[in-house]
Amino acid sequence: MRNIIVSVVALCLLMTGCNSRTPQYRIGVSQCLDDAWRQKMNYEMERELLLHPDMTLSRRIAYGSNELQCAQIDSFIRERVDLLIVSPNEARQVQPAVTRAYRAGIPVIVADRRVPGDEWTAFIGGDNYKVGRLMAQWVIGKAKGERLKAKGKPFMVLEVAGLPGSTPATLRHKGMMDGIEEAKGEGLEAKVEVQSVMGRWYQEDAYEAVSAYLEDHPLPDVIVAHNDLMAIGAAEAVPSIPIMGVDGIHPGLQAIVDGKIECSATYSSRGDMLIDAASRILHKEPYVRDTVLETTLVDLTAAYPMLKQDEAITRDLETLHIVQTQAESKWKQQRFDRLVLILFMVFFFILFLITLGYIFIKQRKIQTEIKHDIIPQLENMQEAIQLSKKDEAFAERLRQVVDDYLTDPHLNVEFLGSKLQLSRTQLFRRVKAVAGKGPLDYIRERRLVRADELLRTTDMTIQQVALELCFSSPGYFTKCYKEYFGHLPSAR
Ligand code: FRU
């Protein structure tokens, strides 16, 4: 029985275990926003995840809210994810949650936007200061050209900044200001003046901020936006002036090709690197703690091929998504089928056990019945047979002894008892049992039968026969004969 149970359990385990994709590590991804750039990053992570089937992602988006992002990180801590990837909204506000996760023993990879301090496991992100320097480089190039046209007039730059507390907004601004400052000492004649409005990273906010600015300011010479979406928003407000954005992915590249904005600076998302680093950290393999990604300027000549490449990647990623969804539904179906199969096996196993139990109980009942009813009955029957055999033998011997002494006047109960070696009581009981009458009656019966035989086969008279068979008188013989045979005796 134990062997059967062990085999069934082993079979179930084998069936549930084989070909199952049960990721070992769960990675929490905390995204501050959900724009095109972040969607690209998400796609890159998912694509890379195909190479790491032992990991699974759980993504939460804070939609620009520091509070929500902190709460989401805290929930990841409570759920004890194996690793956390965080792209913080505003550095200072989100840092405490990042620290909490790190101190709770969860490895933390900070993505794209740095947080103060060094309580994190790894950082992978672009060089925002260098992005700012690229913006300055473009502004200076423009200012140098303008200088020839209008001497003395300040060259007006309108900066459309990202969310103020976020690292890229701070560093891009600083990079740009430092770049412009340095250029002044290096022969930039025009007075470059920078004014900022806040676009908070959103296209609509940028459109509104630039439109509001233009209500009480003259047209700037150029607009520099901290990302392409805000550059597009600014272009919607002022279609006629040169605009630079940042990111250099699909919406921005398309805007350059369409002539809406002039250029952009690349800002890599590299979700693939994040997943690779996560895998290395989880598998305790060597990894780079601080990875800073390169940035370059994208103008119209570079934008078109990049756009085509970007579109191809997007198509790839979309196909990947479809395949993943299909695979997921197949795995779900497979898991469901396996569950049904296991339930069936368990059901039949229980049924088998019940049947086995029923048969076992029935067997026991039959055995008890045989032991208590059938066997005693058989024994009784055997005993009865033995007894009747004994009786037959006794009846035979009784008849023989009686028949041998029918003519002997000594044949009486005592004589018979001594011949058969039985006491008076035993003799009575046994003769009664086999003959249905007492010993005297039996002797008389045997004498009457012999008398009848003699009367029929010899020439003896009634008197002679009565005397021969020891009846006290012929009258008594006649009486007994009539009683036994129902008619009077007659000689031949
Ligand atoms: C998207 C984004 C990008 C920008 C990056 C900086 O959320 O605003 O456009 O380059 O974040 O973290």
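Ala, Val, Leu, Ile, Met, Phe, Trp, Tyr, Cys and Pro are counted here as nonpolar, Asp, Glu, Lys and Arg as charged, and the others, Gly among them, as polar. On this scheme, the shell around the ligand in the predicted model holds four nonpolar, one polar and six charged residues.

The shell consists of Leu33, Asp35, Arg38, Asp112, Arg113, Pro168, Arg172, Trp201, Asn227, Asp247 and Tyr267.

A polar side-chain atom of Arg113 lies 2.6 Å from an oxygen atom of the ligand. For Arg172, a side-chain N or O atom is 3.0 Å from a ligand oxygen. Asn227 likewise places a polar side-chain atom 3.0 Å from an oxygen atom of the ligand. The ligand, taken alone, exposes 310 Å². The protein buries 100% of that area. The space that the ligand takes is the largest cavity.

The chain is divided into domain 1 (2-125 + 270-292), domain 2 (128-266) and domain 3 (380-485). Domain 1 and domain 2 each contribute at least three residues to the shell around the ligand. Arg113 falls within the bounds of domain 1. The centres of domain 2 and domain 3, taken over C-alpha atoms, are separated by 149 Å.

How values were computed:
Residues are numbered from 1 along each chain as its sequence is written. This is a predicted model: local features need pLDDT of at least 70, side-chain atom pairs count only at pLDDT 80 or more; totals for chains, interfaces and linings use all residues. Side-chain values use heavy atoms; hydrogens and water are left out. A residue is near a molecule or strand if one of its heavy atoms lies within 4 Å of it. A polar contact is a pair of N or O atoms within 3.5 Å; within protein, one must be able to donate a hydrogen and the other to accept it, and residues adjacent in sequence count only if both atoms are side-chain atoms. Accessible areas come from the Shrake-Rupley method with a 1.4 Å probe; for residues, only the protein chains shown count as cover. On a 1 Å grid over the protein atoms alone, a cavity is a set of points where a 1.4 Å probe fits but cannot get out, and a pocket is an open set with protein on both sides within 12 Å along at least five of seven lines; lining residues have an atom within 4 Å of a point. A molecule sits in a cavity or pocket if more than half of its atoms lie within 2 Å of its grid points. Domain bounds come from an automatic or database domain assignment.
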